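Visitor: I would like to learn how to read a few features of a structure. Please show it to me first.

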Amino acid sequence: MSALSESISRRMTLGQLKGRYGLTLIPSFAEPVTVTSLANDLVSVRPGSLYVPDGEADQGMVDEAERRGAYAALLPSTDRHKIRNAQIPLLFGNMLPSQMGQLLSTVAGDPSSSLAVFGLVGSDVYGGVDTLAEFLHVLGNPVGVISAHGSYSLDRELALDYPLSMFDIQRCLSIYLEDGAAAVVISVGEETLQKDALRSVDMDVVALGEQEASASDLRRARMLSHARRFGFGLGGRTTVARRTDDSDTLARQSVLPGSPFEDLSLCIAMTMAAGVKRNNIRSALRVSREMS
């Protein structure tokens, strides 16, 4: 899945793209052309697409995009000398990952701003992702999950090719929003995500998985490293959560004596960081115990 098309909520003209991102447009009179989707591979190109290939492109790729119905292509500046007889308008420029993330989010309708987005950060967080998703569900939230061990929207499994690009992430978030999800849990690690995949994704709460837990200074350095790699911001509306004595106490009371409680405690801490009241968490833990 490498396109934003069916869920697209905002359309753009080539002139708007040219002005906003400092691109060169050939021919210049094509500014009024409106694109209705974005695709970064040829298979995903549909009538109305802006074709944005990964890496460099050649004349054959542009010709094939035109045959599939692309209205235009966005190419690196270095490709300008290689494409000489295009039958569709061409935009040339070297967009930063932050700019591409902004473009994709804008075209998708900024879906993350309408969802509560949780990120569990690290290389082995899949159990925690499932626990958090189940806990959010018990709290009354329709949930979507993005994880290399299984992504789904509510009860519907999504067949995805991992690791996911920023195209894929914005598409997934659009699907979750369309399906009525209120919250999304993302496994933030190399198995699930490509570099910069979370550009322009508004993360509400992030936390290091238990395997990443360590002294305070080292924990902060690890979080900053993951944020730089995957492109999510820290500060602002994003809260960094960690286990607390309070979350540990609540978790211990909800598992059998001697059973592991750390994943549940971290999930409790993350939901508290998102503004869920302690009494609601207690009620959800009671329901969870009764269900199990």
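Visitor: In which strand is the place of Ser 187?

Guide: Ser 187 lies in strand β13, residues 183-188; strands are DSSP runs of E of at least two residues, helices runs of H or I of at least four, numbered from the N terminus. This is a predicted model: local features need pLDDT of at least 70, side-chain atom pairs count only at pLDDT 80 or more, and totals for chains, interfaces and linings use all residues. Residues are numbered from 1 along each chain as its sequence is written, and side-chain values use heavy atoms, with hydrogens and water left out.

Visitor: Is Ser 187 buried or exposed?

Guide: Buried means under 20% relative accessible area, exposed over 50%, partly exposed in between (1.4 Å probe, protein chains only). Ser 187 has a relative accessible area of 1%, so this residue is buried. Leaving aside neighbours within four places in sequence, its contacts (heavy atoms within 4.5 Å) include Leu 120, Tyr 126 and Ile 146.

Visitor: Which way do the residues of strand β14 point?

Guide: In a regular strand the side chains alternate between the two faces of the sheet. In β14 (residues 205-208), Val 205 and Ala 207 point one way, Val 206 and Leu 208 the other way, and all are buried.

Visitor: Which strands do bridges join to β14?

Guide: Two strands pair if DSSP finds at least two bridges between them. Strand β9 (residues 116-121) runs parallel to β14, with four bridges; Phe 118 has Val 205 as its bridge partner. Two bridges join β14 to β15 (residues 239-240), also parallel, and Val 206 is partnered there by Val 240.
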